[in-house]
Amino acid sequence: MSSPRQMPSVNAPANRRRVLAWLALLAVPAGVVPAAGAVTKEHQIKAAFLYNFTKFITWPAQRPGRPEPVFVIGILGRNPFGTELENIARGRKVSGLPLQIRYLKSVNEAPGVDLLFVASGEEALLGTSLSALHEASVLTVGESASFAKLGGIINFRMVEDKIRFEIYRDAGARARLKISPQLLKLAITARKDKS
């Protein structure tokens, strides 16, 4: 019998320091300075968030269509991170698995990833429902109000020029993901569905 892909406990002193470091990261103003084709500071910070989210989520051990011994962060459609995520992923592991970044053209490829990021303006690629991704236990992360309405689990928001995030707990439960209480406390809201 296999056990869930357990993340390290955040009760350990080293992990508490990580949480504190993460809190410090939350205090960094995004200072959005967009330039054509350039990666903004906003997306550099969001790339760090994506990696750090993996430390506070437990994925189920049994997931159909996941034969590869790797942990995959997928980017659907436009990649706003440039090489930032690749740089973060280089040499890192999640749950003891090598971390890979994949770029997806279609949501049909998404059940093969563990975490899916959808940039603002790319929500149409998701279709009308994220239920198939919930069944595949994909942690979905976006950055627009419409993403949350589609059933996304974590959504970035700008609050007073700082990057924060909200968590939709029911969507996470449908995906059979365990979200740590520490992560829920860091969210600006940890909502249940409106339905």
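With which residue does Lys46 form a salt bridge, and how far apart are the closest N and O atoms? Select Lys46 and Glu42 in this predicted model: the two form a salt bridge, with 2.6 Å between the closest N and O atoms. Both residues belong to helix H2, four residues apart, about one turn of the helix. Lys46 and Glu42 are both buried.

Glu143, like Lys46, is buried.

Now display the whole of helix H2, residues 41–53. The end C-alpha atoms are 18 Å apart, in agreement with the 18 Å that its 13 residues should span. Because 11 of these 13 residues are buried, H2 is largely enclosed by the rest of the structure; among the buried residues are Ile45, Phe49, Leu50 and Phe53.

Proceed to Arg157 and Glu166, whose side chains meet in a salt bridge (3.5 Å, N to O). Arg157 is partly exposed, at 37% relative accessible area, while Glu166 counts as buried at 4%. Shared partners join Glu42, Lys46 and Glu143 into one salt-bridge network. The structure holds three salt bridges.

Finally, select Ser137, in the loop between helix H4 (131–135) and strand E6 (139–142). Ser137 is buried, with a relative accessible area of 0%. Beyond its neighbours within four places in sequence, its contacts include Trp59, Arg63, Asp114 and Leu177.

Technical notes:
Residues numbered from 1 in each chain as written. Predicted model: local features only at pLDDT ≥ 70, side-chain atom pairs only at ≥ 80, totals over all residues. Heavy atoms only, no water. Helix = DSSP H or I, 4+ residues; strand = E, 2+ residues; numbered from the N terminus. Buried < 20%, exposed > 50% of the residue type's maximum accessible area, 1.4 Å probe, protein only. Contact = heavy atoms within 4.5 Å. Expected span 1.5 Å × (residues − 1). Salt bridge = Lys/Arg side-chain N within 4 Å of Asp/Glu carboxyl O.
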